[in-house]
Amino acid sequence: MSETTIFWEAAALRGGQRVAFLDSACGDDARLRSRVDLLLEAHENAGSFLRPPSELGLGAAATEGGLGSLGVGFRRPLIALLEALGFEGEQAEDLVADYLADLIARSEGRDGIGSPAEPLRIWFRSDLIRFVCNLDDKLTGDAGRDAAGSQGACSGWRRRAIDDPGVARTFEGQWALAVFRHGMDVLGEGYRQRGRSDAFESLKPFLAGDLDAGRLARVARELGIPEKDAEERIIRLRARYRGCLEQVVKETLPASESVSAEIAYLASVARQGATPE
């Protein structure tokens, strides 16, 4: 069982049940138990910083001077970055878990880490690379040697991580997908709170593409409304999604950056072949 799986299962338990589960899942692996305990402590103290898959989110890190919350959906770009650089499977997941724990510790420090002066997609990429480069014991492992070319050659590994356009495309494509998914989650939550989840699920496929007459007629029948009313609801849905997406993207940018330009950029990299999980 991976560290990530153990963490989320333990996070759902309390008291003696959690202790018994961790004793069984971690066994005699003291390092694994320590890492899971650290994540659980950070999870409890930071509240929304780490969220389960059903509650993806990114907090107002760039606009409020702190890191806010980083949802599980935004872990995928970080893992993809390390995988593109030669770290495999659980090793990449473990490195990201270590990184997030370090990030929590820094954000809770006396001075915090401040508000990034660049888009978070750029900041997270360079900050994760910095973190991995500082883990000498990780870089002297097989994946580190393969990526760096020689033991301890962190500067060469860092240059490749920063300069390789394929690595950047992999990370930014996954980042774009995470942002668009989160915008959808925010939109869906608004419908859920108004007791209209069924309507949202029926209309959601129309967020992209043309209003195909046949599909429009089917969804109108499902909702029990005229086609014209269904079309109007779809137009409103698209406008609301754009608003949700703008708010999500705004939270990832310094105040000086253009939200519209960032959305256009993310759409372009997402179209270039990033594949959802």
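**Salt bridges in the predicted model**

The side chains of Arg 242 and Glu 246 are joined by a salt bridge, with a distance of 3.0 Å from N to O, in a structure that is a predicted model. Both residues belong to helix α14 (residues 227-250), where they lie four residues apart, and therefore about one helical turn separates them. Arg 242 is partly exposed, its relative accessibility being 34%, and Glu 246 is likewise partly exposed, with a relative accessible area of 31%.

Salt bridges that share partners also connect Asp 23, Arg 33 and Asp 37, so that these residues form one network. Within this group, Asp 23 pairs with Arg 33, and the closest N and O atoms of the two are 2.8 Å apart. This pair links distant parts of the chain, since Asp 23 lies in helix α2 (residues 15-26) and Arg 33 in helix α3 (residues 30-46), 10 residues apart.

Glu 201, at 45% relative accessibility, counts as partly exposed, as does Lys 204 at 28%. The pairs described here are among the nine salt bridges counted in the model, where a side-chain nitrogen of Lys or Arg must lie within 4 Å of a carboxyl oxygen of Asp or Glu.

How values were computed:
Residues numbered from 1 in each chain as written. Predicted model: local features only at pLDDT ≥ 70, side-chain atom pairs only at ≥ 80, totals over all residues. Heavy atoms only, no water. Helix = DSSP H or I, 4+ residues; strand = E, 2+ residues; numbered from the N terminus. Buried < 20%, exposed > 50% of the residue type's maximum accessible area, 1.4 Å probe, protein only.
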